[in-house]
Amino acid sequence: MSALVALNRRSFLKQSMVAVGVLGFSRLVQAQSTGAVREYRLVAAPADIEVAPGRIWNTWAYNGQVPGPTIRATQGERIRVVLENRLDVPTTIHWHGVPLPNAMDGVPDVTQEPVPPGGRFIYEFDANVPGTYFYHSHVGLQLDRGLLGTLVIEPAEPERLADREFLLLLDDWLPTSPDDAMAAMMVTTPGTGGGMMGGGMMGGGMAGPASVTEPPYAGSLANGQLGTNAESVSVVRGESVRFRIVNGSAATTHRVGLLGHRLTVTHTDGQAVESVEVDTLVIGMGERYDVVVRMDNSGTWPLLAGSVDSAVPGIVLPVVYAGKRPTLAPVQVWPPSLTSGKRLAYSDLRPRDGVAVGSPGRSIPLTLSAGANGAWTINGQAYPNAEPIQVRLGERLRFQFRNMSMLRHPMHLHGHFFQLVDRTTGRVSGPIKDTVIVEPMMGAVDVEWVADNPGRWLMHCHHAYHMEMGMVREVRVG
Ligand code: C2O
Ligand code: CU
(Lines give C-alpha, C1' and ligand atoms only; values in the text may rest on other atoms or scores of the structure.)
(Ligands and ions follow the chains in the order given, each with its own letter.)
Protein backbone atom coordinates (compact mmCIF):
# COMPACT_ATOMS: atom_id res chain seq x y z
CA MET A 1 0.00 0.00 0.00
CA SER A 2 1.47 3.37 -0.97
CA ALA A 3 1.88 6.05 1.65
CA LEU A 4 -0.81 8.11 -0.05
CA VAL A 5 -3.33 5.29 -0.01
CA ALA A 6 -2.50 4.62 3.64
CA LEU A 7 -3.05 8.25 4.47
CA ASN A 8 -6.34 8.43 2.65
CA ARG A 9 -7.52 5.33 4.36
CA ARG A 10 -6.67 6.76 7.72
CA SER A 11 -8.52 10.02 7.21
CA PHE A 12 -11.42 8.06 5.79
CA LEU A 13 -11.53 5.90 8.88
CA LYS A 14 -11.51 8.99 11.02
CA GLN A 15 -14.55 10.36 9.21
CA SER A 16 -16.51 7.15 9.47
CA MET A 17 -15.77 6.92 13.19
CA VAL A 18 -17.18 10.38 13.76
CA ALA A 19 -20.33 9.35 11.93
CA VAL A 20 -20.62 6.40 14.28
CA GLY A 21 -20.56 8.74 17.24
CA VAL A 22 -23.94 10.01 16.15
CA LEU A 23 -25.31 6.50 16.57
CA GLY A 24 -24.00 6.34 20.09
CA PHE A 25 -20.82 4.31 19.74
CA SER A 26 -18.91 7.44 20.66
CA ARG A 27 -16.18 5.48 22.38
CA LEU A 28 -14.87 4.65 18.94
CA VAL A 29 -14.02 8.26 18.18
CA GLN A 30 -10.32 8.45 17.49
CA ALA A 31 -8.00 9.65 20.18
CA GLN A 32 -5.63 12.49 19.45
CA SER A 33 -2.41 10.91 18.29
CA THR A 34 0.55 11.49 20.61
CA GLY A 35 3.04 10.49 17.94
CA ALA A 36 4.62 7.91 20.23
CA VAL A 37 5.22 4.41 18.86
CA ARG A 38 5.37 1.29 21.02
CA GLU A 39 7.52 -1.19 19.18
CA TYR A 40 7.72 -4.92 19.82
CA ARG A 41 9.41 -7.84 18.12
CA LEU A 42 7.66 -11.21 18.25
CA VAL A 43 9.57 -14.25 17.06
CA ALA A 44 7.36 -17.28 16.46
CA ALA A 45 9.47 -20.41 16.92
CA PRO A 46 9.47 -23.86 18.47
CA ALA A 47 10.09 -23.68 22.21
CA ASP A 48 10.34 -25.87 25.29
CA ILE A 49 8.06 -24.42 27.93
CA GLU A 50 8.25 -25.50 31.56
CA VAL A 51 4.57 -25.49 32.59
CA ALA A 52 5.40 -26.92 36.02
CA PRO A 53 8.70 -27.89 37.65
CA GLY A 54 10.16 -30.58 35.43
CA ARG A 55 7.21 -30.69 33.04
CA ILE A 56 8.36 -29.60 29.64
CA TRP A 57 5.93 -28.73 26.86
CA ASN A 58 7.40 -29.04 23.41
CA THR A 59 5.50 -26.42 21.50
CA TRP A 60 5.52 -23.16 19.54
CA ALA A 61 5.76 -19.78 21.23
CA TYR A 62 6.47 -16.08 20.77
CA ASN A 63 9.94 -15.14 22.08
CA GLY A 64 10.26 -18.53 23.76
CA GLN A 65 7.52 -17.86 26.30
CA VAL A 66 3.86 -18.77 26.83
CA PRO A 67 2.03 -16.48 26.95
CA GLY A 68 3.97 -14.21 24.63
CA PRO A 69 5.11 -10.81 25.91
CA THR A 70 2.33 -8.50 27.09
CA ILE A 71 1.88 -5.64 24.67
CA ARG A 72 0.97 -2.33 26.29
CA ALA A 73 0.22 1.06 24.83
CA THR A 74 -1.69 4.16 25.79
CA GLN A 75 -4.61 5.40 23.74
CA GLY A 76 -3.28 7.79 21.11
CA GLU A 77 -0.03 5.89 20.65
CA ARG A 78 0.82 3.67 17.74
CA ILE A 79 1.66 -0.03 18.09
CA ARG A 80 4.25 -1.56 15.79
CA VAL A 81 4.98 -5.26 15.98
CA VAL A 82 7.61 -6.96 13.87
CA LEU A 83 6.66 -10.62 13.49
CA GLU A 84 9.47 -12.98 12.53
CA ASN A 85 8.45 -16.46 11.52
CA ARG A 86 10.95 -19.14 12.55
CA LEU A 87 8.40 -21.94 12.36
CA ASP A 88 8.49 -24.30 9.43
CA VAL A 89 4.91 -23.38 8.50
CA PRO A 90 3.27 -20.03 7.63
CA THR A 91 1.81 -17.89 10.40
CA THR A 92 0.09 -14.54 11.12
CA ILE A 93 -0.97 -12.52 14.18
CA HIS A 94 -4.53 -11.36 14.80
CA TRP A 95 -5.20 -8.52 17.28
CA HIS A 96 -8.37 -9.87 18.79
CA GLY A 97 -10.99 -7.19 19.45
CA VAL A 98 -8.91 -4.24 18.30
CA PRO A 99 -10.71 -2.11 15.72
CA LEU A 100 -7.87 -1.56 13.26
CA PRO A 101 -7.38 -1.17 9.50
CA ASN A 102 -8.29 -4.35 7.65
CA ALA A 103 -4.80 -4.95 6.26
CA MET A 104 -3.46 -5.30 9.83
CA ASP A 105 -6.06 -7.86 10.98
CA GLY A 106 -3.84 -10.89 10.44
CA VAL A 107 -6.26 -13.26 8.72
CA PRO A 108 -4.34 -15.47 6.28
CA ASP A 109 -5.48 -15.27 2.66
CA VAL A 110 -8.18 -12.76 3.57
CA THR A 111 -6.35 -9.68 4.86
CA GLN A 112 -2.78 -10.74 4.07
CA GLU A 113 -0.60 -13.45 2.61
CA PRO A 114 0.47 -15.69 5.51
CA VAL A 115 4.04 -14.98 6.60
CA PRO A 116 6.17 -17.82 5.19
CA PRO A 117 8.84 -19.67 7.20
CA GLY A 118 11.81 -17.33 7.51
CA GLY A 119 9.65 -14.34 6.59
CA ARG A 120 8.65 -11.26 8.53
CA PHE A 121 5.69 -8.90 8.59
CA ILE A 122 5.24 -5.55 10.27
CA TYR A 123 1.91 -4.90 11.94
CA GLU A 124 1.24 -1.27 12.70
CA PHE A 125 -1.93 0.38 13.97
CA ASP A 126 -3.18 3.14 16.23
CA ALA A 127 -4.16 2.29 19.79
CA ASN A 128 -7.53 4.02 19.70
CA VAL A 129 -9.93 2.19 21.92
CA PRO A 130 -8.67 1.41 25.43
CA GLY A 131 -9.27 -2.02 26.86
CA THR A 132 -8.10 -5.55 27.54
CA TYR A 133 -7.41 -7.47 24.34
CA PHE A 134 -5.27 -10.36 23.25
CA TYR A 135 -3.33 -11.45 20.23
CA HIS A 136 -2.89 -14.85 18.66
CA SER A 137 -1.95 -16.69 15.53
CA HIS A 138 -4.85 -16.92 13.10
CA VAL A 139 -3.49 -19.83 11.10
CA GLY A 140 -5.19 -23.20 11.60
CA LEU A 141 -4.95 -24.48 15.17
CA GLN A 142 -1.74 -22.61 16.08
CA LEU A 143 -3.53 -20.78 18.89
CA ASP A 144 -3.78 -24.10 20.74
CA ARG A 145 0.01 -24.45 20.66
CA GLY A 146 0.67 -21.38 22.74
CA LEU A 147 0.98 -18.63 20.11
CA LEU A 148 -0.95 -16.04 22.12
CA GLY A 149 -0.48 -13.12 24.49
CA THR A 150 -2.28 -10.24 26.18
CA LEU A 151 -2.58 -6.73 24.73
CA VAL A 152 -3.61 -3.80 26.93
CA ILE A 153 -4.50 -0.31 25.74
CA GLU A 154 -4.61 2.17 28.62
CA PRO A 155 -6.97 5.12 28.36
CA ALA A 156 -5.37 8.49 27.61
CA GLU A 157 -6.99 9.80 30.81
CA PRO A 158 -5.69 7.42 33.49
CA GLU A 159 -8.48 5.59 35.33
CA ARG A 160 -8.13 5.05 39.05
CA LEU A 161 -10.16 1.88 39.29
CA ALA A 162 -7.90 -0.04 41.63
CA ASP A 163 -4.59 0.21 43.44
CA ARG A 164 -2.96 -2.18 41.02
CA GLU A 165 -3.67 -4.84 38.48
CA PHE A 166 -2.97 -8.47 37.72
CA LEU A 167 -3.22 -10.08 34.27
CA LEU A 168 -4.74 -13.53 34.16
CA LEU A 169 -4.57 -15.33 30.84
CA LEU A 170 -6.49 -18.61 30.96
CA ASP A 171 -5.63 -21.38 28.55
CA ASP A 172 -6.34 -25.06 28.06
CA TRP A 173 -3.22 -27.16 27.88
CA LEU A 174 -2.80 -29.63 25.05
CA PRO A 175 0.57 -31.34 25.47
CA THR A 176 0.24 -33.05 22.09
CA SER A 177 -0.30 -31.75 18.58
CA PRO A 178 -3.63 -30.00 17.88
CA ASP A 179 -3.60 -31.51 14.41
CA ASP A 180 -3.56 -35.00 15.89
CA ALA A 181 -6.35 -34.00 18.28
CA MET A 182 -8.36 -32.74 15.35
CA ALA A 183 -7.83 -35.96 13.41
CA ALA A 184 -9.05 -37.97 16.39
CA MET A 185 -12.12 -35.79 16.69
CA MET A 186 -12.86 -36.27 13.01
CA VAL A 187 -12.64 -40.04 13.26
CA THR A 188 -14.97 -40.26 16.22
CA THR A 189 -17.58 -37.72 15.24
CA PRO A 190 -19.45 -38.98 12.21
CA GLY A 191 -23.12 -38.12 12.06
CA THR A 192 -24.11 -36.80 15.46
CA GLY A 193 -20.62 -35.49 16.04
CA GLY A 194 -20.40 -32.61 18.43
CA GLY A 195 -24.09 -32.76 18.59
CA MET A 196 -27.02 -31.97 16.45
CA MET A 197 -30.34 -31.58 18.06
CA GLY A 198 -34.00 -31.45 17.36
CA GLY A 199 -36.43 -33.03 14.96
CA GLY A 200 -35.16 -35.29 12.28
CA MET A 201 -31.64 -33.99 12.58
CA MET A 202 -30.62 -36.77 14.93
CA GLY A 203 -31.24 -39.30 12.17
CA GLY A 204 -29.38 -42.58 12.28
CA GLY A 205 -26.31 -40.92 13.73
CA MET A 206 -27.48 -41.90 17.20
CA ALA A 207 -26.10 -45.35 16.61
CA GLY A 208 -22.63 -44.02 15.85
CA PRO A 209 -19.58 -44.38 18.10
CA ALA A 210 -19.28 -42.32 21.25
CA SER A 211 -18.37 -38.85 20.16
CA VAL A 212 -15.23 -36.97 21.14
CA THR A 213 -15.96 -33.29 21.02
CA GLU A 214 -12.90 -31.85 22.74
CA PRO A 215 -9.17 -32.39 22.38
CA PRO A 216 -7.44 -34.37 25.16
CA TYR A 217 -6.47 -31.45 27.37
CA ALA A 218 -4.16 -32.28 30.28
CA GLY A 219 -5.06 -29.29 32.41
CA SER A 220 -5.46 -25.53 32.43
CA LEU A 221 -2.77 -22.90 32.30
CA ALA A 222 -2.80 -19.62 34.20
CA ASN A 223 -0.27 -17.30 32.57
CA GLY A 224 1.43 -20.34 31.09
CA GLN A 225 1.73 -22.23 34.39
CA LEU A 226 -0.12 -25.46 35.00
CA GLY A 227 -3.14 -24.56 37.10
CA THR A 228 -2.29 -25.88 40.53
CA ASN A 229 1.27 -24.67 40.26
CA ALA A 230 0.42 -21.11 39.31
CA GLU A 231 2.12 -18.07 40.81
CA SER A 232 0.45 -16.48 43.82
CA VAL A 233 -0.96 -12.99 44.14
CA SER A 234 0.32 -11.04 47.14
CA VAL A 235 -2.08 -8.44 48.45
CA VAL A 236 -2.37 -5.99 51.30
CA ARG A 237 -5.53 -5.71 53.33
CA GLY A 238 -7.56 -2.66 52.32
CA GLU A 239 -6.29 -2.36 48.78
CA SER A 240 -8.16 -3.15 45.59
CA VAL A 241 -6.82 -5.19 42.72
CA ARG A 242 -7.99 -5.13 39.13
CA PHE A 243 -7.82 -8.49 37.38
CA ARG A 244 -7.73 -8.40 33.62
CA ILE A 245 -9.00 -11.87 32.73
CA VAL A 246 -8.55 -13.20 29.20
CA ASN A 247 -9.77 -16.59 28.04
CA GLY A 248 -7.21 -17.56 25.43
CA SER A 249 -8.28 -21.22 25.46
CA ALA A 250 -8.87 -22.91 22.15
CA ALA A 251 -11.85 -24.93 23.36
CA THR A 252 -12.58 -24.40 27.07
CA THR A 253 -15.19 -22.12 28.57
CA HIS A 254 -13.90 -21.13 31.99
CA ARG A 255 -15.58 -20.24 35.26
CA VAL A 256 -13.76 -17.85 37.61
CA GLY A 257 -14.22 -16.99 41.29
CA LEU A 258 -12.25 -15.98 44.40
CA LEU A 259 -13.22 -17.65 47.65
CA GLY A 260 -14.02 -15.19 50.44
CA HIS A 261 -14.51 -12.28 48.03
CA ARG A 262 -16.88 -10.90 45.46
CA LEU A 263 -15.87 -9.74 42.01
CA THR A 264 -16.92 -6.31 40.80
CA VAL A 265 -17.19 -6.55 37.04
CA THR A 266 -16.12 -3.29 35.37
CA HIS A 267 -15.43 -4.20 31.74
CA THR A 268 -16.22 -6.91 29.25
CA ASP A 269 -14.16 -7.30 26.10
CA GLY A 270 -12.36 -4.14 27.18
CA GLN A 271 -15.52 -2.01 27.17
CA ALA A 272 -16.71 -0.39 30.40
CA VAL A 273 -19.94 -1.53 32.01
CA GLU A 274 -21.84 -0.28 35.03
CA SER A 275 -20.28 -2.14 37.96
CA VAL A 276 -21.92 -5.41 38.96
CA GLU A 277 -20.94 -7.58 41.94
CA VAL A 278 -20.90 -11.32 41.42
CA ASP A 279 -19.45 -14.46 42.97
CA THR A 280 -18.47 -16.15 39.72
CA LEU A 281 -18.37 -15.38 36.04
CA VAL A 282 -18.22 -17.56 32.96
CA ILE A 283 -15.83 -16.54 30.23
CA GLY A 284 -15.91 -17.99 26.74
CA MET A 285 -12.97 -18.40 24.40
CA GLY A 286 -11.94 -14.95 23.18
CA GLU A 287 -13.90 -13.07 25.86
CA ARG A 288 -12.30 -10.75 28.41
CA TYR A 289 -13.52 -9.47 31.76
CA ASP A 290 -11.97 -6.86 34.01
CA VAL A 291 -12.98 -7.25 37.64
CA VAL A 292 -11.98 -5.29 40.72
CA VAL A 293 -11.66 -7.05 44.07
CA ARG A 294 -11.55 -5.22 47.38
CA MET A 295 -9.09 -7.11 49.54
CA ASP A 296 -10.94 -6.86 52.83
CA ASN A 297 -10.90 -10.41 54.12
CA SER A 298 -7.46 -11.20 55.47
CA GLY A 299 -6.13 -14.70 54.89
CA THR A 300 -4.94 -16.93 52.08
CA TRP A 301 -7.64 -17.60 49.52
CA PRO A 302 -7.88 -19.62 46.31
CA LEU A 303 -8.60 -17.77 43.09
CA LEU A 304 -10.24 -20.54 41.10
CA ALA A 305 -10.72 -21.10 37.42
CA GLY A 306 -11.44 -24.05 35.22
CA SER A 307 -13.80 -25.56 32.73
CA VAL A 308 -17.37 -24.54 33.50
CA ASP A 309 -18.38 -28.13 32.77
CA SER A 310 -16.17 -29.58 35.48
CA ALA A 311 -16.69 -29.70 39.26
CA VAL A 312 -12.91 -29.57 39.72
CA PRO A 313 -11.20 -26.22 39.29
CA GLY A 314 -8.13 -26.72 37.10
CA ILE A 315 -6.53 -23.49 38.30
CA VAL A 316 -5.91 -22.68 41.95
CA LEU A 317 -4.03 -19.44 42.45
CA PRO A 318 -3.30 -18.45 46.05
CA VAL A 319 -4.22 -14.88 46.94
CA VAL A 320 -2.02 -14.20 49.94
CA TYR A 321 -2.55 -11.28 52.31
CA ALA A 322 0.60 -9.72 53.76
CA GLY A 323 1.74 -11.64 56.81
CA LYS A 324 -0.28 -14.75 55.95
CA ARG A 325 1.09 -18.14 55.09
CA PRO A 326 1.30 -18.67 51.29
CA THR A 327 0.04 -22.24 51.42
CA LEU A 328 -3.47 -23.40 50.63
CA ALA A 329 -5.30 -26.59 51.41
CA PRO A 330 -5.89 -28.49 48.16
CA VAL A 331 -9.18 -27.56 46.50
CA GLN A 332 -10.87 -30.73 45.23
CA VAL A 333 -14.13 -29.26 43.99
CA TRP A 334 -15.63 -25.83 43.49
CA PRO A 335 -16.79 -24.54 46.90
CA PRO A 336 -20.60 -24.37 47.13
CA SER A 337 -20.37 -20.84 48.51
CA LEU A 338 -19.15 -19.81 45.07
CA THR A 339 -21.20 -22.10 42.85
CA SER A 340 -24.46 -21.32 44.63
CA GLY A 341 -23.69 -17.60 44.64
CA LYS A 342 -24.43 -14.99 42.02
CA ARG A 343 -23.13 -15.92 38.58
CA LEU A 344 -22.74 -13.10 36.08
CA ALA A 345 -25.28 -13.09 33.23
CA TYR A 346 -25.12 -10.91 30.13
CA SER A 347 -28.46 -9.45 31.20
CA ASP A 348 -26.74 -7.97 34.29
CA LEU A 349 -24.50 -5.83 32.12
CA ARG A 350 -25.18 -2.29 30.92
CA PRO A 351 -22.61 -0.18 29.09
CA ARG A 352 -21.14 2.49 31.36
CA ASP A 353 -21.09 5.22 28.77
CA GLY A 354 -24.70 5.21 27.70
CA VAL A 355 -26.82 3.20 25.38
CA ALA A 356 -26.77 3.30 21.61
CA VAL A 357 -29.89 4.60 19.98
CA GLY A 358 -31.09 4.44 16.40
CA SER A 359 -33.47 2.51 14.25
CA PRO A 360 -33.00 -1.25 14.25
CA GLY A 361 -30.58 -2.55 11.70
CA ARG A 362 -31.10 -5.06 8.91
CA SER A 363 -31.61 -8.44 10.56
CA ILE A 364 -29.45 -11.36 9.51
CA PRO A 365 -30.39 -14.72 11.06
CA LEU A 366 -27.34 -16.90 11.73
CA THR A 367 -28.13 -20.49 12.62
CA LEU A 368 -25.28 -22.44 14.22
CA SER A 369 -25.35 -26.19 13.64
CA ALA A 370 -23.32 -29.35 13.44
CA GLY A 371 -23.07 -30.48 9.82
CA ALA A 372 -22.10 -33.70 8.12
CA ASN A 373 -18.63 -35.22 8.53
CA GLY A 374 -17.66 -33.19 11.56
CA ALA A 375 -18.38 -29.86 9.91
CA TRP A 376 -19.68 -26.87 11.86
CA THR A 377 -21.97 -24.61 9.92
CA ILE A 378 -23.57 -21.19 9.87
CA ASN A 379 -26.86 -21.23 7.96
CA GLY A 380 -25.94 -24.68 6.70
CA GLN A 381 -22.67 -23.61 5.08
CA ALA A 382 -19.15 -24.50 6.20
CA TYR A 383 -16.40 -22.00 5.41
CA PRO A 384 -14.63 -21.65 3.01
CA ASN A 385 -17.61 -22.97 1.03
CA ALA A 386 -19.80 -20.20 2.37
CA GLU A 387 -21.21 -17.04 0.85
CA PRO A 388 -19.77 -13.82 2.24
CA ILE A 389 -22.17 -11.48 4.03
CA GLN A 390 -22.15 -8.26 2.06
CA VAL A 391 -22.88 -5.05 3.97
CA ARG A 392 -22.71 -1.36 3.12
CA LEU A 393 -20.22 0.89 4.83
CA GLY A 394 -22.06 2.62 7.66
CA GLU A 395 -24.90 0.11 7.62
CA ARG A 396 -26.52 -0.86 10.90
CA LEU A 397 -27.01 -4.60 11.28
CA ARG A 398 -28.57 -7.05 13.64
CA PHE A 399 -27.01 -10.50 13.82
CA GLN A 400 -29.44 -13.05 15.22
CA PHE A 401 -27.49 -16.05 16.48
CA ARG A 402 -29.48 -19.23 17.03
CA ASN A 403 -27.68 -22.29 18.35
CA MET A 404 -29.19 -25.55 17.07
CA SER A 405 -26.33 -27.68 18.37
CA MET A 406 -25.46 -29.28 21.70
CA LEU A 407 -22.31 -27.21 22.31
CA ARG A 408 -21.59 -23.58 23.19
CA HIS A 409 -20.34 -21.25 20.49
CA PRO A 410 -18.53 -18.04 21.48
CA MET A 411 -19.14 -15.94 18.37
CA HIS A 412 -16.56 -13.28 17.52
CA LEU A 413 -16.64 -10.43 15.01
CA HIS A 414 -13.43 -8.89 13.72
CA GLY A 415 -12.76 -5.17 13.38
CA HIS A 416 -15.89 -3.97 15.17
CA PHE A 417 -17.75 -3.99 18.44
CA PHE A 418 -21.38 -4.98 18.71
CA GLN A 419 -23.99 -4.33 21.36
CA LEU A 420 -26.19 -7.03 22.86
CA VAL A 421 -29.92 -6.71 22.45
CA ASP A 422 -31.94 -7.25 25.63
CA ARG A 423 -34.22 -10.07 24.53
CA THR A 424 -36.91 -9.34 27.10
CA THR A 425 -37.36 -5.67 26.20
CA GLY A 426 -36.08 -5.87 22.63
CA ARG A 427 -33.94 -2.82 23.34
CA VAL A 428 -30.33 -2.41 22.30
CA SER A 429 -29.23 -1.87 25.88
CA GLY A 430 -26.77 -4.67 26.65
CA PRO A 431 -23.01 -4.57 26.92
CA ILE A 432 -20.70 -3.64 24.06
CA LYS A 433 -18.55 -6.63 23.16
CA ASP A 434 -16.77 -8.39 20.33
CA THR A 435 -17.29 -12.00 21.46
CA VAL A 436 -20.47 -13.50 22.89
CA ILE A 437 -21.38 -17.01 24.02
CA VAL A 438 -24.41 -18.52 22.34
CA GLU A 439 -25.66 -21.24 24.67
CA PRO A 440 -26.44 -24.72 23.30
CA MET A 441 -29.87 -26.12 22.51
CA MET A 442 -31.73 -23.15 21.15
CA GLY A 443 -29.59 -20.48 22.77
CA ALA A 444 -30.36 -17.13 21.15
CA VAL A 445 -28.35 -13.92 21.14
CA ASP A 446 -29.05 -10.82 19.08
CA VAL A 447 -26.36 -8.21 18.60
CA GLU A 448 -26.46 -4.90 16.81
CA TRP A 449 -23.50 -3.18 15.20
CA VAL A 450 -22.50 -0.52 12.74
CA ALA A 451 -20.29 -1.59 9.86
CA ASP A 452 -17.96 1.39 10.11
CA ASN A 453 -14.66 -0.26 9.24
CA PRO A 454 -14.22 -1.14 5.57
CA GLY A 455 -12.72 -4.42 4.50
CA ARG A 456 -13.04 -8.18 4.61
CA TRP A 457 -13.68 -9.28 8.20
CA LEU A 458 -14.27 -12.67 9.73
CA MET A 459 -17.13 -13.56 12.01
CA HIS A 460 -16.66 -16.97 13.59
CA CYS A 461 -16.92 -19.30 16.52
CA HIS A 462 -13.83 -18.88 18.72
CA HIS A 463 -13.71 -22.60 19.50
CA ALA A 464 -10.59 -23.20 17.42
CA TYR A 465 -11.76 -26.63 16.24
CA HIS A 466 -15.24 -25.42 15.28
CA MET A 467 -13.61 -22.60 13.39
CA GLU A 468 -11.29 -24.99 11.63
CA MET A 469 -14.31 -27.11 10.67
CA GLY A 470 -16.19 -24.27 9.04
CA MET A 471 -18.07 -22.17 11.61
CA VAL A 472 -16.85 -18.97 9.96
CA ARG A 473 -18.28 -16.32 7.66
CA GLU A 474 -16.62 -13.50 5.86
CA VAL A 475 -18.34 -10.14 6.32
CA ARG A 476 -17.52 -7.72 3.51
CA VAL A 477 -17.95 -4.12 4.57
CA GLY A 478 -18.13 -1.62 1.70
CU1 C2O B 1 -9.45 -14.21 18.21
CU2 C2O B 1 -10.71 -14.56 14.39
O3 C2O B 1 -10.11 -14.42 16.31
CU1 CU C 1 -18.35 -23.29 18.27
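Of the 478 residues of the protein, 58% count as buried (under 20% relative accessible area, with a 1.4 Å probe and protein chains only). The model is predicted: local features need pLDDT of at least 70, side-chain atom pairs count only at pLDDT 80 or more, and totals for chains, interfaces and linings use all residues. Residues are numbered from 1 along each chain as its sequence is written, and side-chain values use heavy atoms, without hydrogens and water.

The protein has four helices and 31 strands (DSSP runs numbered from the N terminus; helices are H or I of at least four residues, strands E of at least two). Among contacts (heavy atoms within 4.5 Å) between residues at least 6 apart in sequence, 76% join residues at least 24 apart.

Seven strands form an open sheet of mixed pairing, in the order 11-10-9-13-18-15-16. Strand 11 (225-226) and strand 16 (271-278) stand at the edges with a single partner strand each, so one side of each lacks a neighbour in the sheet. Pairing requires at least two DSSP bridges between two strands. Strand 15 (residues 263-268) and strand 18 (residues 288-294) pair in the antiparallel sense over four bridges. The bridge partner of His267 in strand 18 is Asp290.

Arg473 lies in strand 31 (residues 472-477). Arg473 is buried but has no salt bridge (a side-chain nitrogen of Lys or Arg within 4 Å of a carboxyl oxygen of Asp or Glu). The nearest side chain of opposite charge, Glu387, is 6.1 Å away. The backbone oxygen of Glu387, however, lies 3.0 Å from a polar atom of the Arg473 side chain. Beyond four places in sequence, residues touched by Arg473 include Tyr383, Trp457 and Met459.

Definitions and conventions. Chains lettered and ligands numbered in written order. Buried < 20%, exposed > 50% of the residue type's maximum accessible area, 1.4 Å probe, protein only. Lys, Arg positive; Asp, Glu negative; His and termini not counted. Polar contact = N/O pair within 3.5 Å; in protein donor to acceptor, adjacent residues only side chain to side chain.
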